[in-house]
Amino acid sequence: MKTDVIALCKDLIAIPSINPMGRDDLDPTLTGEARVNDYIRHFVKAAGVDIVVQRTDVPGRENVGGMIVKGSRFPTLVLQCHTDTLGVGDHPSLLKPAVCKGRLYGRGATDDKGGLAAMLVALAEAALHPARVRNNVIVLGVSDEEYKGKGSLALVAQPPTKGADFGLVGEPTECRIVNGFKGVARWDLVTTGRSVHSSMPQKGVSAIYRMARLVSLIEDYQRELAKIEDPPLGCETISVGRIVGGTAVNVVPDSCTIEIDQRITRKTRAADAPKRLAAYLRKRGMRFPVIPSAMKDVEDAVLIAASHPGISLLGRMCLAQGLNPRPCQVAYGSDAFRMNRGGIPTVLWGPGSIKVAHSNDEYVEIRQLEQAVIFYLELMQTDLQKAGVRMKYSPGSKNWARSHTANGKSSIRRRQ
Ligand SMILES: [Zn+2]
């Protein structure tokens with residue numbers, strides 16, 4: 001069993017676990033989490049801790065990890081990283097880990113195999129001194145984060161992670177505590193028209209011309225959204241990420257589709273985003289029909305109060321280790337959405353930077369990898385009960401994880 005975090009991270013990078021993202025024409029020797037899961041199984045077995053396997057509804061794409069069991073009197077801590085990665089495109093060398101100038105390069109180095117390596121090494125170290133471990137500790141490799149989050153849906157629904165007292169996701173945060181997440185709403189809009197031969201366009205209706213007007217209005221809408229401020233999460237944003245329309249150069253197009261990505265604050269509900277945009281378009285005098293798709297992604301914003309005992313605890317740990325103790329907030333999505341929604345107060349804290357995730361220049365700072373091992377091990381050995389983290393919440397009681405919405409209701413928990 002390797003307990004050198006660099007060697008372990010190199011092994012994980014060299015094992016391809018590309019998320020197929022719903023495609024079935026990709027090389028099966030590169031896709032899916034099964035090979036990484038086998039590696040984790042062997043590691044956990046060698047470390048002498050219990051193996052955890054959670055089925056998802058995709059065969060062969062389980063969550064796999066290890067657990068140190070202390071008993072039901074103890075709080076349960078879940079540390080998780082996703083095992084799937086983005087593809088490598090025309091850069092197969094991304095699957096060959098390389099160290100250069102204090103950085104470890106390769107696909108998944110920062111997102112999330114660096115964090116996973118650090119968690120596994122910390123788990124193995126913790127298992128050597130079980131008396132020092134103060135919590136039930138689960139380290140879990142979670143599948144399908146990059147696509148549909150099926151792994152984290154299983155995590156919140158199945159033992160031993162269901163109902164855990166505190167969660168930490170090892171997404172790259174450069175060793176900072178992330179306690180707030182903007183929400184997200186994704187959907188398509190379709191404009192329609194009437195097809196005719198392109199030699200007499202005046203007899204038809206171009207769905208692309210309509211879409212051009214629509215897209216221009218959405219660009220204006222960004223200015224409206226910028227007024228929806230929610231410190232410390234920031235303001236709402238909207239982006240048109242893809243456009244598809246027309247069939248041939250000599251046909252006036254009768255259909256055009258765009259894909260929209262809106263980032264949401266706690267002042268609005270993600271599910272209301274299409275309605276709000278439609279109202280704005282009406283106000284701006286748009287007359288032609290626009291057909292929305294069903295929502296493809298919908299998550300409300302979450303902010304765990306800085307006074308949550310888990311956040312205070314991590315802050316103290318950061319301070320003691322010479323790291324920035326102030327929690328920060330992010331606009332990108334992660335499994336923390338589903339874990340918070342599932343009732344597990346969950347933060348992000350991991351080595352590496354999100355700026356190089358998914359890029360062809362993905363790397364993790366080795367210094368941060370080593371820091372992460374120390375941080376995760378200390379968390380496993382800190383008494384969460386004593387720190388006040390173990391709280392069984394119910395609506396109306398003293399709660400910490402908040403997700404405010406426009407109508408004053410909360411999809412997770414309110415603080416007072
Ligand atoms: Zn990630």
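The protein chain has a radius of gyration of 23 Å, which agrees with the value near 22 Å that a compact globule of 416 residues would have. This radius is taken over C-alpha atoms, and the globule rule is 2.2 Å times the number of residues to the power 0.38. The model is predicted: local features need pLDDT of at least 70, side-chain atom pairs count only at pLDDT 80 or more, and totals for chains, interfaces and linings use all residues. Residues are numbered from 1 along each chain as its sequence is written.

The C-alpha trace of the protein chain spans about 80 × 50 × 40 Å along its principal axes. Nine helices and 20 strands make up the secondary structure elements of the protein chain. Helices (H or I, at least four residues) and strands (E, at least two) are DSSP runs, numbered from the N terminus.

The protein chain is divided into two parts: domain 1 covers 5–181 + 301–402, and domain 2 covers 183–297. These bounds come from an automatic or database domain assignment. Taken over C-alpha atoms, the centres of domain 1 and domain 2 are separated by 36 Å. Six residues of domain 1 are in contact with eight residues of domain 2. Contact requires that the C-beta atoms of two residues, placed from the backbone, lie within 7 Å. On the side of domain 1 that touches domain 2, three residues are nonpolar, three are polar and none is charged. In this scheme Ala, Val, Leu, Ile, Met, Phe, Trp, Tyr, Cys and Pro count as nonpolar, Asp, Glu, Lys and Arg as charged, and the others, Gly among them, as polar.

Helix packing was examined next. Axes are lines fitted to C-alpha atoms, for helices over the stretch in contact, and angles run from 0 to 180 degrees between N-to-C directions. Angles under 35 degrees count as roughly parallel, over 145 as roughly antiparallel, 65 to 115 as roughly perpendicular and the rest as oblique.

Helix α3 (residues 109–128) packs on α9 at an angle of about 45 degrees, with the axes 8 Å apart. The two helices, α3 and α9, are therefore oblique to each other. α3 passes α9 in a right-handed crossing. A crossing is right-handed if the near helix is turned clockwise from the far one by less than a right angle, and left-handed if anticlockwise. On α3, the contact is made by Gly114, Gly115, Ala117, Ala118, Met119, Val121, Ala122, Glu125 and Ala126. On α9, it is made by Leu369, Ala372, Val373, Tyr376, Leu377, Met380 and Gln381. Twelve of these residues are nonpolar, three polar and one charged.

Helix α1 also packs on α3, at an angle of about 135 degrees and with the axes 9 Å apart. α1 and α3 are therefore oblique to each other. Their crossing is right-handed. From α1, the contact involves Val5, Leu8, Cys9, Leu12 and Ile13. From α3, it involves Ala109, Lys113, Gly114, Leu116, Ala117, Ala118, Leu120 and Val121. Here eleven residues are nonpolar, one is polar and one is charged.

The axes of α1 (residues 5–14) and α9 (residues 366–381) come within 10 Å and cross at roughly 110 degrees. α1 and α9 are therefore roughly perpendicular to each other. Val5, Ile6 and Cys9 of α1 meet Ile366, Leu369, Glu370 and Val373 of α9. This contact has six nonpolar residues, no polar residues and one charged residue.

Some backbone details complete the description. The peptide bond from Asp111 to Asp112 is cis, with omega near 0 degrees. Asp112 lies in helix α3. The bond from Pro159 to Pro160 is also cis, with omega near 0 degrees. Pro160 is placed in the loop between α4 (150–157) and β7 (166–169). Glu174, a residue other than glycine, has a positive phi, near 55 degrees. Glu174 lies in the loop between β7 and β8 (178–181).
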